[in-house]
Amino acid sequence: MSSRTDSGRPVARHGWGPALATVLGTLITMGAVAALGLWAAGATDLPEGSFPPVVAAAVITAVGGTVELSGDAGGLAGTEGGLTVIPLSVTLAGALVLGGGFLRPLRHRDGAGAPELAGWTARIAALWLLAVLGLALAARHTFELSLGDGPLGDLGDLFGFTPVVGFSTNVVPTVLIGLLWLAGVLVVSLAVSRDAPLPSGLLRLRTAVRPAAWGMVGLLLAAVVICLVIALVVAATRGHPAETFAVILLGLPNIAWLALTVGLGATWDGRVEGSFGLPMPHVLDEVLRTPDVSVLNLGTLVEHDGGKWWWLLVVVAALLLATAFATAARSPARVRAWQHAVRMAVALALTVLMICLMARITARIGLSVLGIGGLGEGFSGQVLLRPRLWGALGLALLWGLVTGFAGALLARAVRRRDAAGPGG
């Protein structure tokens with residue numbers, strides 16, 4: 001809602017209605033993407049009544065929460081495990097809707113006071129807190145685990161037990177992490193938007209922060225779009241469309257941004273063990289499925305699947321140079337090339353840090369009977385993926401400096417050509 005002063009300048013009034021619409025729109029979007037992705041991944045085959053809590057759990061993990069697995073069978077059997085993985089497709093969809101709803105009442109404004117922004121943010125935060133609390137309470141369920149006809153089934157018949165497994169979330173940490181996620185999305189939204197007003201004390205950030213932040217968001221979205229095109233081509237030409245769409249709807253940014261860091265030269269350590277896994281491309285599953293922790297980088301991909309993976313380095317270099325050029329072109333002409341380089345380096349390092357924190361995976365499930373673990377195919381396994389952080393940040397700084405300086409020189413050359421005109 002808005003009204004106008006006598007001078008005709010719009011003045012925003014941020015009520016509870018727009019805040020509720022923003023939060024509901026975010027939840028509906030995230031829930032829909034999560035439900036479709038889980039459906040494509042086959043989660044509808046879970047025991048009756050499990051699907052809605054699983055969808056709630058997926059949304060919780062999308063904002064940084066964790067899911068704990070537990071269960072028992074009268075002391076004869078036990079299950080343990082945990083899931084720390086962020087389905088970044090769900091996260092990205094929610095962040096885009098939330099950021100758009102937050103910025104909508106602020107558009108076409110010359111300025112905004114800190115109390116006004118604080119009040120608008122507080123309304124969204126209060127409703128978001130209630131939403132995350134409800135999801136955390138809903139993301140829990142227990143069901144009986146069928147042991148099948150193998151050795152586990154024979155043991156179950158012998159001792160007369162049926163394991164009961166369940167999952168739940170730790171409510172208080174989940175709510176706090178959800179609020180932290182909300183704060184991050186709102187800060188990034190303000191940093192990226194060209195039209196959203198800032199308090200007078202922060203106006204200097206318009207030239208120092210906004211172009212670089214806008215460039216990094218554009219870089220991340222471009223990587224996702226490229227991977228989306230590749231995924232759709234794979235789905236159309238190589239079969240397995242359900243599996244591919246599960247990757248798209250649950251973990252496409254996980255793959256896209258992981259590929260971005262690998263193209264920079266970063267190294268990740270990982271492992272896939274057992275039949276338990278997560279939606280991921282086959283090449284990653286093959287590289288990571290080794291007896292010990294595997295190394296995932298550009299070299300291991302080239303070694304595993306031929307020299308064609310060198311194209312990843314070329315694509316990432318082109319994306320970074322385009323981002324640096326666009327960032328410099330969006331900045332005032334008075335900003336020097338070395339300043340662009342430093343800002344690009346810092347922004348890229350922060351972006352890579354975010355990727356390393358959000359794309360890491362720790363997923364584990366295990367079933368033990370009479371103290372003996374690892375019994376039965378499909379009842380135990382783990383997925384591990386973690387970055388070598390300092391190396392990744394160092395490479396990001398180096399790439400940022402080089403491409404930032406080159407992009408600034410290109411932008412300056414284009415400005416001079418345009419200033420010279422057709423006859424120059």
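Biologist: Let's start with helix 2: which of its residues are buried?
Modeller: Keep in mind that this is a predicted model. In helix 2, the buried ones are P53, V54, V55, A56, A57, A58, V59, I60, T61 and A62. That makes 10 of its 12 residues, so the helix is mostly covered.
Biologist: How far apart are the end C-alpha atoms of helix 2?
Modeller: They're 16 Å apart. Helix 2 runs over residues 51-62, and at 1.5 Å a residue its 12 residues should span 16 Å, so the two values agree.
Biologist: Okay, on to helix 12. Which residues are buried in that one?
Modeller: In helix 12 they are L312, V316, L319, L320, T323, A324, T327 and A328. These residues cover an arc of only 160° around the axis, so they sit on the same side of helix 12.
Biologist: What covers them?
Modeller: The cover for the buried residues of helix 12 includes helix 8 (210-237), helix 9 (241-264), helix 11 (298-305), helix 13 and helix 14.
Biologist: New topic: how many salt bridges turn up in the whole structure?
Modeller: The search finds 1. D269 pairs with R388, and their closest N and O atoms are 3.0 Å apart. The pair links distant parts of the chain, 119 residues apart: D269 is in strand 7 (residues 268-274), while R388 is in the loop between strand 11 (381-387) and helix 14.
Biologist: Why can side chains like that pair up?
Modeller: Because opposite charges can pair when the charged atoms come close.
Biologist: Is D269 buried or exposed?
Modeller: D269 counts as buried, because its relative accessibility is 14% and the cut-off is under 20%. R388 counts as partly exposed, at 41%.
Biologist: Last one: which residues form the nonpolar patch on the surface?
Modeller: W338, V342, V346, L350, L398, L401, V402, F405 and L409, with about 830 Å² of accessible area together. Helix 13 (337-358) and helix 14 (389-420) each supply at least two of the patch residues. Helix 14 gives the largest share, 5 residues.
Biologist: And how exposed is L401?
Modeller: L401, which is found in helix 14, is partly exposed, with a relative accessible area of 39%.

Key. Residues numbered from 1 in each chain as written. Predicted model: local features only at pLDDT ≥ 70, side-chain atom pairs only at ≥ 80, totals over all residues. Heavy atoms only, no water. Helix = DSSP H or I, 4+ residues; strand = E, 2+ residues; numbered from the N terminus. Expected span 1.5 Å × (residues − 1). Buried < 20%, exposed > 50% of the residue type's maximum accessible area, 1.4 Å probe, protein only. Patch = residues over 30% accessible without salt bridge, like charges linked within 9 Å, V, L, I, M, F, W, Y side chains within 5 Å. Areas by Shrake-Rupley, 256 points an atom, 1.4 Å probe, with all protein chains shown as cover. Salt bridge = Lys/Arg side-chain N within 4 Å of Asp/Glu carboxyl O. Arc of directions from axis to C-beta. Contact = heavy atoms within 4.5 Å.
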